[in-house]
Amino acid sequence: MTVATMTLHGTLTVLGRPSGEAIALISGLGHVLLTVGLILLFVTLGKRIPAKPAPSSDPVQA
């Protein structure tokens, strides 16, 4: 969605035509969805990747 509206906006700019408010709205919505998706990705990764265990105070480990 974001890439499509960026392409459309760029094409209209090169052709010298004004791009409307709808293109800006759709592009902004695409950026919001992209941000939400990245946040969900990192939250899921944080839950799935185990934390590094704390080092033991016992000097002898097998």
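Accessible areas were computed by the Shrake-Rupley method with a 1.4 Å probe, and for residues only the protein chains shown count as cover. On this basis the protein chain has an accessible surface of about 5500 Å², of which 72% belongs to carbon and sulfur atoms. The model is predicted: local features need pLDDT of at least 70, side-chain atom pairs count only at pLDDT 80 or more, and totals for chains, interfaces and linings use all residues. Residues are numbered from 1 along each chain as its sequence is written, and side-chain values use heavy atoms, with hydrogens and water left out.

The secondary structure consists of two helices and zero strands; helices (H or I, at least four residues) and strands (E, at least two) are DSSP runs, numbered from the N terminus. Of the 62 residues in the protein chain, 10% are buried, where buried means under 20% relative accessible area, exposed over 50%, and partly exposed in between (1.4 Å probe, protein chains only).

Helix α1 comprises 14 residues (residues 2-15), which at 1.5 Å a residue should span 20 Å, in agreement with end C-alpha atoms 20 Å apart; the expected span is 1.5 Å times one less than the number of residues. Its buried residues are T2, T5 and L12. Seen down the axis of α1, these buried residues fall within an arc of 100 degrees and so line one face of the helix, the arc being that of the directions from the helix axis to the C-beta atoms. On the other side of α1, V3, A4, M6, V14 and L15 are exposed. Just after α1, G16 adopts a positive phi of about 80 degrees.

Helix α2 spans residues 21-48. Its 28 residues reach 41 Å from the first C-alpha to the last, close to the 40 Å expected at 1.5 Å a residue. Within α2, the residues I23, S27 and G30 are buried, and they pack against α1. Conversely, the cover of the buried residues of α1 includes α2. S27 counts as buried because its relative accessibility is 15%. Leaving aside residues up to four places away in sequence, S27 touches T2 and T5, contact meaning heavy atoms within 4.5 Å.

A nonpolar surface patch is formed by L34, L38, L41, F42, L45 and I49, which together have about 580 Å² of accessible area. Patches are made of residues with over 30% relative accessible area and no salt bridge, like charges being joined within 9 Å and nonpolar side chains (Val, Leu, Ile, Met, Phe, Trp, Tyr) within 5 Å; a salt bridge is a side-chain nitrogen of Lys or Arg within 4 Å of a carboxyl oxygen of Asp or Glu. I49 lies in the segment after α2 and, at 54% relative accessibility, counts as exposed.
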